[in-house]
Amino acid sequence: YQTAMMLYKRGLHDWVERECAMILKHTTSNQGIMAFNAHYLLAEIQNDQERYREAAESLSAALDLFTKSESVREHFEDNSRIRYQFSEEQLKTKRAFNRGLE
């Protein structure tokens, strides 16, 4: 994921998508936060590239992990620095925004 973020900051979106696909292919159920991060990053890239349907689908996958994975919820609850950035309502709003643009 750190590699994907470094590539994202450099604008190498095609490479980021490949890194995220690799993350999603190799994550296990106890690595939910890695899968969440990969889906969320994909949604950001897809939105930037006006691929709104794909962004909404990626956000749906992230939202599913957020609502169903105890480890993902605990990660955000335990980390006050990022807690305000991610909530179920925020993810639903971003998803609805992308669906509307699509």
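The following dialogue explains how several descriptions of this predicted model are reached.

Guide: In this predicted model, local features need pLDDT of at least 70 and side-chain atom pairs count only at pLDDT 80 or more, whereas totals for chains, interfaces and linings use all residues. Residues are numbered from 1 along each chain as its sequence is written, and side-chain values use heavy atoms, with hydrogens and water left out.

Visitor: What is the average pLDDT of the protein chain, and which elements have the lowest and the highest mean?

Guide: pLDDT is the predictor's confidence in each residue, from 0 to 100. The protein chain averages 88, and 92% of the residues score at least 70. Where pLDDT is low, the predicted coordinates should not be read in detail.

Visitor: What span does helix α2 reach, and what is expected?

Guide: Helices are DSSP runs of H or I with at least four residues, strands runs of E with at least two, numbered from the N terminus. Helix α2 (residues 13–26) has 14 residues and reaches 20 Å from first C-alpha to last, close to the 20 Å expected. The expected span is 1.5 Å times one less than the number of residues.

Visitor: Why are the buried residues of α2 said to line one face of the helix?

Guide: Buried means under 20% relative accessible area, exposed over 50%, and partly exposed in between (1.4 Å probe, protein chains only). The buried residues of α2 are His13, Val16, Glu17, Cys20 and Ile23. Seen down the axis of α2, these residues fall within an arc of 120°, so they line one face; the arc is that of the directions from the helix axis to the C-beta atoms. On the other side, Asp14, Arg18 and Lys25 are exposed.

Visitor: What makes up the largest nonpolar core?

Guide: A nonpolar core is a set of buried Ala, Val, Leu, Ile, Met, Phe, Trp, Tyr and Cys residues joined through side-chain atoms within 4.5 Å. The largest has 12 residues, including Ile33, Phe36, Leu63 and Phe86. The elements giving two or more residues to this core are α3, α4 and α5 (70–78).
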